[in-house]
Amino acid sequence: MTSRKLVVISSGLSQPSSTRLLADRLAAATVEELKLLGIAAEVRTVEVRDHAHDIVNNVLTGFPSGQWRTEVEAIGAADGVIAVTPVLKASYAGIFKTLLDVLDEGALAGKPVAIAASGGTARHSLILEHAVRPVFAYLRAVVVPTAVFAAAEDWSGGASADSLRERIGRAAAELAEQIAQREPAKPADPFALTASFEDLLPKD
Ligand SMILES: Cc1cc2nc3c(=O)[nH]c(=O)nc-3n(C[C@H](O)[C@H](O)[C@H](O)COP(=O)(O)O)c2cc1C
């Protein structure tokens, strides 16, 4: 069985966190879908609140430090990413965007990504389409068509919980398919040349 690395970015603020619950459900469903495709998944979860101070320092200094640096490298080396934010004031969490701001240019380019959000009201579910998806499109990630929004009522059982389960399953299947289509990701080489030798040579 081949294997792939899945990184889950969960940027909930509370503990326990419904964002984390949603992230864990999506990760478990993706692992199951990959297994059906004959692929074992190694899951790493980045709990953003644990790195909030280092992320802000990264914005100010331009460099990731400590454990945060390890997480940045893991994101860059992931075969697939699940990115989950709570809705705050009708948009993504500021710390979620700040994390994306400090990633290297191209860190998510061509990478399969599933996006999801937890919120108090289903009336804000479209933040995934008008706020989150455009950011990942700018980062050149391959965002799967199903974006999963979980409102407070979706956790309370009944038809809404069934519908959430169905959305999670659909997004997980789409993500697993995208991951399976690609060769395993290579770790980013910090010393890689970004220009060819020919371009670097002086021209007369
Ligand atoms: C400051 C703040 C602003 C919020 N704004 C919104 C909002 O605009 N729309 C919404 O649906 N939920 C809003 N919520 C509710 C959170 O999105 C919801 O409780 C979320 O599940 C929290 O995730 P967590 O448990 O992982 O921290 C807000 C919560 C806080 C604390």
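**Exercise 1. Find the element that gives the most residues to the shell around the ligand, and say how many.**

Solution. Strand β3 gives the most, with three residues. Next, widen the view: α1 (18-36), β3 (80-88) and β5 (112-119) each supply at least two shell residues. Then take the whole shell: 16 residues surround the ligand, the closest being Ser14, Ser17, Thr19, Val87 and His124.

A word on the model: it is predicted, so local features need pLDDT of at least 70 and side-chain atom pairs pLDDT 80 or more, while totals for chains, interfaces and linings use all residues. Residues are numbered from 1 along each chain as its sequence is written, and side-chain values use heavy atoms, without hydrogens and water.

**Exercise 2. Work out which atoms of Leu13, Ser18 and Lys89 lie by the ligand.**

Solution. Start with the backbone: an N or O atom of Leu13 is 3.0 Å from a ligand oxygen, and one of Lys89 is 2.9 Å from a ligand nitrogen. Now the side chain: an N or O atom of Ser18 sits 2.8 Å from a ligand oxygen. Finally, the cover: of the 640 Å² of accessible area (Shrake-Rupley method, 1.4 Å probe) that the ligand has on its own, the protein covers 69%.

**Exercise 3. Decide how Val59 is classed by accessibility.**

Solution. First, locate Val59 in helix α2 (residues 52-61). Its relative accessibility is 46%, so Val59 counts as partly exposed, between buried (under 20%) and exposed (over 50%).

Terms used. Helix = DSSP H or I, 4+ residues; strand = E, 2+ residues; numbered from the N terminus. Buried < 20%, exposed > 50% of the residue type's maximum accessible area, 1.4 Å probe, protein only. Near = heavy atom within 4 Å. Polar contact = N/O pair within 3.5 Å; in protein donor to acceptor, adjacent residues only side chain to side chain.
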